[in-house]
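Dear colleague,

Please find below the structure that I am handing over to you, together with its sequence. My findings follow after it.

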Amino acid sequence: MEIRPATIADIPVIQKIAKISWDDTYITINSQEQIDYMLSKMYSTEEITRHKSDPNYHYYLIADEQPVGFVGFENHYAPGTTKLHRIYFLPESKGKGFGRKAIDLVKEKAIQAGDHRIILTVN
């Protein structure tokens, strides 16, 4: 397993993983049109590039030979707080410990940034 910072060149990989994950996860509660709309807003090249220009916003790819997931989080979202914005994996990679490693990474990076709390929003 490899976890590495995502670069601008990795945006298509992030978009692909998001699309596959969202299509697999959310199709039972949202229409395909709604999923595609949300993906176009949240995972556009412009939106991810904007995140990458913020020194507190981080994307990491999780790989097992090939990328299988990613995590996006923001240190100093609020005083002492890191916000976990995104954590998605390909369906076939679930249950293999990748999520635990991603959460451990976010915890480690929050501590390094001086944050003492991690939050997330679940819709």
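**The largest pocket**

In this predicted model, 17 residues line the largest pocket, and those nearest its centre are Tyr26, Tyr88, Thr121, Val122 and Asn123. The space in the largest pocket amounts to about 530 Å³. Strand E4 (81-89) provides the largest share of the lining, namely 6 residues. Helix H1 (11-26) and helix H2 (32-42), like E4, each supply at least two lining residues. Sorted by class, the lining consists of 10 nonpolar, 5 polar and 2 charged residues.

**Helix H4**

Phe98, Ala102, Leu105, Val106 and Ala110 of H4 are buried. These residues lie on the same side of H4, because the arc they cover around the axis is only 135 degrees. Arg100 and Ile111, by contrast, are exposed and sit on the face of H4 turned away from the buried side.

What, then, covers the buried residues of H4? The cover includes five strands by name: E1 (2-5), E2 (57-64), E3 (66-78), E4 (81-89) and E5 (117-119). Just after H4, glycine 114 adopts a positive phi of about 90 degrees.

With kind regards

Definitions and conventions
Residues are numbered from 1 along each chain as its sequence is written. This is a predicted model: local features need pLDDT of at least 70, side-chain atom pairs count only at pLDDT 80 or more; totals for chains, interfaces and linings use all residues. Side-chain values use heavy atoms; hydrogens and water are left out. Buried means under 20% relative accessible area, exposed over 50%, partly exposed in between (1.4 Å probe, protein chains only). Helices (H or I, at least four residues) and strands (E, at least two) are DSSP runs, numbered from the N terminus. The arc is that of the directions from the helix axis to the C-beta atoms. Contact means heavy atoms within 4.5 Å. On a 1 Å grid over the protein atoms alone, a cavity is a set of points where a 1.4 Å probe fits but cannot get out, and a pocket is an open set with protein on both sides within 12 Å along at least five of seven lines; lining residues have an atom within 4 Å of a point. Grid points are joined across faces, edges and corners, and a volume is the space filled by probe spheres set on the points. Ala, Val, Leu, Ile, Met, Phe, Trp, Tyr, Cys and Pro count as nonpolar, Asp, Glu, Lys and Arg as charged, and the others, Gly among them, as polar.
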